[in-house]
Amino acid sequence: MPPTSHPRHTPFSDATQGTLFGLGAYTMWGCFPLFFALFEGVPAWEILAHRIVWSCLFLLGLIAILGRFAPVRQALGEPRRLGRVLGCALLIALNWGIYIYAVESRQVLQASLGYFLTPLVNVGLGMLVLRERMAPLQGLAVGLACVAIVIQLVGLGELPWITLLLAFSFGTYGLLRKQVPLDGLSGLFVETLLLLPMALLALAWLAHIDATHFLGEARHTWLLVASGVITALPLLAFAGAARRLRLATLGFLMYINPTIQFFIALLVFGEAVGPLQLATFALIWIGLALYSWSAWQGRERAETRTA
């Protein structure tokens, strides 16, 4: 009688782990407008400076608890490695600042459109930089996104700069982060550490001119401190996803974030959607549907070949 074989426990694959990290990150990001709407009267750039400082301190505590200083020391000791990390840091700081401004000025629909557009930016960057192949339907999806931006340009008489800067800053951040040879926790800490001197200088200047909101109202103080934890958690999850998934797959998961933001803008903030905005969203949604269908077909073909 043959020996009974017991099923061996297998850990989650990289793709499964990356998907779970991505789902967590994009759901948390989708709810961000509800958090940043609480900062009434606090300038966006002051919130940005506090986000950097408190994120860095929170991550430092995590690294100390986990004993993960070795990769940080290695990264800081190799200036050539820091080039891409600094690029990531500047891009994410730009993205944070624009997003806070969009929430404070009640332009969450424009922010939502920017994050709807980001997956298509990821497709284009993956093709141009990483030499990933673009299927015909993906090319059509990117073309529809370009048409949507032209509609905004013609209808509004100006570029939708919030939409474009959010899409390209975060899309490029994802591209660079994928190429950084650091784990998620260490990489994110080094990013915020590189931004820390600028943030501290900004806060010192605010204190000097007596314009700081920190240690004023208790509500603002606690919100500013909490911004570090709120900022770090989804970025840690995203960094874990970026190192495990293809850029196009990251773009697919990103639909969760702008969808939540879209409904928050409509149902919570009461932002109006005019015919022009509706046409723009419709083109982006059609493009995303084509992209999703193309990605699904490619996955099925790959599974068939490996079966």
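This is a predicted model: local features need pLDDT of at least 70, side-chain atom pairs count only at pLDDT 80 or more; totals for chains, interfaces and linings use all residues.
Q: What is the make-up by class of the lining of the second largest pocket?
A: The lining of this pocket has 11 nonpolar residues and 1 polar residue, with no charged residues. Cys 146 is one of the residues that line the pocket, as is Gly 124.

Q: How many cavities of 30 Å³ or more does the structure hold?
A: A cavity differs from a pocket in that a 1.4 Å probe fits there but cannot get out. The structure holds 2 cavities of 30 Å³ or more.

Q: Which residues line the largest cavity?
A: The lining includes Trp 29, Phe 32, Arg 51, Trp 96, Tyr 115, Asn 257 and Gln 261. Helix α5 (79–104) and helix α12 each supply at least two residues, and α5 gives the most, with 4 residues. By class, the lining of the largest cavity comprises 8 nonpolar, 3 polar and 1 charged residues.

Q: Which residues lie nearest the centre of the second largest cavity?
A: Of the 10 residues that line the second largest cavity, Tyr 26, Asn 122, Phe 170, Gly 174 and Phe 238 lie nearest its centre. At least two lining residues come from each of α6, α8 and α11 (247–253), with the largest share, 3 residues, from α8. This lining divides into 6 nonpolar and 4 polar residues, and no charged ones.

Q: What span does helix α12 reach, and which of its residues are buried?
A: Helix α12 covers residues 256–267 and reaches 17 Å from its first C-alpha to its last, close to the 16 Å expected at 1.5 Å a residue. Its buried residues are Asn 257, Pro 258, Gln 261, Phe 262, Ile 264 and Ala 265. Seen down the axis of α12, these buried residues fall within an arc of 165 degrees, so they line one face of the helix.

Q: Where does Ser 112 lie, and is Ser 112 buried or exposed?
A: Ser 112 lies in helix α6. Ser 112 counts as buried because its relative accessibility is 0%, below the cut-off of 20%. A polar atom of the Ser 112 side chain lies 2.9 Å from the backbone oxygen of Pro 258, a residue that is itself buried in α12.

Q: What is the phi of Arg 106, and what is the phi of Asp 210?
A: Most residues other than glycine have a negative phi. Arg 106 has a positive phi of about 55 degrees although it is not a glycine. Phi of Asp 210 is near 55 degrees, again a positive value in a residue other than glycine.

Q: Where do Arg 106 and Asp 210 lie?
A: Arg 106 lies in the loop between α5 and α6 and counts as partly exposed, at 36% relative accessibility. Asp 210 lies in the loop between α9 (184–208) and α10 (218–242). With a relative accessible area of 68%, Asp 210 is exposed.

Terms used:
Residues are numbered from 1 along each chain as its sequence is written. Side-chain values use heavy atoms; hydrogens and water are left out. The expected span of a helix is 1.5 Å times one less than its number of residues. Buried means under 20% relative accessible area, exposed over 50%, partly exposed in between (1.4 Å probe, protein chains only). The arc is that of the directions from the helix axis to the C-beta atoms. On a 1 Å grid over the protein atoms alone, a cavity is a set of points where a 1.4 Å probe fits but cannot get out, and a pocket is an open set with protein on both sides within 12 Å along at least five of seven lines; lining residues have an atom within 4 Å of a point. Ala, Val, Leu, Ile, Met, Phe, Trp, Tyr, Cys and Pro count as nonpolar, Asp, Glu, Lys and Arg as charged, and the others, Gly among them, as polar. A polar contact is a pair of N or O atoms within 3.5 Å; within protein, one must be able to donate a hydrogen and the other to accept it, and residues adjacent in sequence count only if both atoms are side-chain atoms. Grid points are joined across faces, edges and corners, and a volume is the space filled by probe spheres set on the points.
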